[in-house]
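Thanks for coming. Please have a look at the model on the screen, and then we will walk through it.

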Amino acid sequence: MSSRRIETAILTMLAVAIAMDVALLLTAKAKAAHLYSRPFSLTRTGVIEPDALAFEGMSVTGERPTTVRSNGARSWAVRYVSNKCAFCETDVHGKRLVAELEKAGVDVFTLVPRLGEEVVETTSRPAAPRQVTFVSMDWIKRFELNATPTFLLFRPDGSMLWQRTGTLTARDVVAALGKVTE
Amino acid sequence: MKAHLVVESVLIAILGIHGWFLLDKMPPTREAVERSATEANQRLRLLDGRGIGVQGDPIDLGPHLEGQRIVAFLLRHGTLSEDLNFWREVGRLLPPSSRVRLLAYCDGAACVQSVTAQIKEGDFPILAYGETVAAQAVFNADLQGNFVIAREPGGTSWRHSGIQPVDIAKGLRP
């Protein structure tokens, strides 16, 4: 084979390698954009959902039930956190979102994974208990809650408005508040 | 061979290796991430039998005494009487020496409403509200037709046809 042909073959291979790497980079970027374009669904698939979503639960003392029925007047939210989760403690934007939502008239409930994992409330809360330790199966069977912190925001009719698992960013706070005021 | 050909060949090799690692680091698809979340949810385990009973009473079957096992299962509103009778029979067949504590989770408000009228003296505790992780573990197991034993991995089939209370009781005996 002449050196000219070898040179052409190597140059072609180089061009192909560059093109493939660029294609891979673009594909990775597109896949990542698609992946984070909307929140991951926490809703269970294959489970027949009740017509109306009810968030019913009881505080650790078991004294008074927390009940939110859909078709109410206001949006409401559930923050799934634990005192054993370091990320929950450092989730400043999550705590800020709680305060901002409460200011906007949204009821925010704290749900914990297990008894004994209740968190210290940092915001001024109304007298009604908002920290739920025991929750009804009606609500449980709608969602897959794997990790704390998870933030779930619902419309007054009980449908999901916004959700995020993991510590929140300033952008998340803006997005969630934007959804409420939409 | 000319020097630039060597350089180009090295570049191809570098790009090839770079591409290989890029392939490896490709983000998963949304479906793969959600599937993995579902799998993680399936791995949630029941640790303790705690919650609020259908009559509003706090229930706590822990702490775990040596040899005691908490067997948790879901009562479905649609098959409530059959489910209750099945587990009453299991409870009847279990000798006290088995140290098995049965614990039922009602599958929702409709179940709670119906079961209250059907409770009999000596029945196992029935939860209306449970801990989030434990309730998910029991619900996931029931989707597979299973019940779970606290602090033990996996579930055991009971809803599948042909399985009788005597089979379950036999399996739960020490």
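On one side of helix H6 of chain B, B:Lys170 and B:Gly171 are exposed, meaning over 50% relative accessible area, where buried means under 20% and partly exposed lies in between, with a 1.4 Å probe and protein chains only. This is a predicted model, where local features need pLDDT of at least 70, side-chain atom pairs count only at pLDDT 80 or more, and totals for chains, interfaces and linings use all residues. Residues are numbered from 1 along each chain as its sequence is written, chains are lettered from A and ligands numbered from 1 in the order in which they are written, and side-chain values use heavy atoms, with hydrogens and water left out.

Stay with H6(B), residues 165-172. Its buried residues are B:Pro165, B:Ile168, B:Ala169 and B:Leu172. They span an arc of only 100° around the axis, which puts them on the same side of H6(B). That arc is taken from the directions from the helix axis to the C-beta atoms. Why can residues three or four places apart point the same way? Because an α-helix has 3.6 residues a turn. What covers the buried residues of H6(B)? The cover includes S3 (69-75), H3 (80-93), S4 (100-106), S6 (146-149) and S7 (155-157) of chain B. Contact here means heavy atoms within 4.5 Å. Helices (H or I, at least four residues) and strands (E, at least two) are DSSP runs, numbered from the N terminus.

Now chain A. It has five helices and eight strands. Of its 182 residues, 43% are buried. Take contacts between residues at least 6 apart in sequence: 64% of them join residues at least 24 apart.

Next, the sheet. Five strands of chain A form an open sheet, ordered S5-S4-S3-S7-S8, with mixed pairing. Two strands pair if DSSP finds at least two bridges between them. S5 (131-132) and S8 (160-165) of chain A stand at the edges, each with a single partner strand, so one side of each has no neighbour in the sheet.

Look at S3(A), residues 76-80. Five of its five residues are buried, so the strand is largely enclosed by the rest of the structure. A:Trp76, A:Val78 and A:Tyr80 lie on one side, A:Ala77 and A:Arg79 on the other. Five bridges tie S3(A) to S4(A), residues 107-111, in parallel. There, A:Val78 has A:Phe109 as its bridge partner. Another strand, S7(A), residues 150-154, runs antiparallel to S3(A), again over five bridges. A:Arg79 stands opposite A:Phe151 in S7(A). S7(A) also pairs with S8(A), antiparallel, over five bridges. In that pairing A:Thr150 faces A:Thr165.

H5(A), residues 170-181, lies across S7 and S8 of chain A, at about 165° to S8(A). Axes are lines fitted to C-alpha atoms, for helices over the stretch in contact, and angles run from 0 to 180 degrees between N-to-C directions.

Last, the two chains together. H1(A), residues 3-35, packs on H1(B), residues 3-24, at about 25°, with the axes 9 Å apart. That makes the two helices roughly parallel, a label for angles under 35 degrees, with over 145 roughly antiparallel, 65 to 115 roughly perpendicular and the rest oblique. Residues of H1(A) that meet H1(B) include A:Ile6, A:Leu14 and A:Leu25. On the H1(B) side, B:Leu5, B:Leu15 and B:Leu23 are among them.
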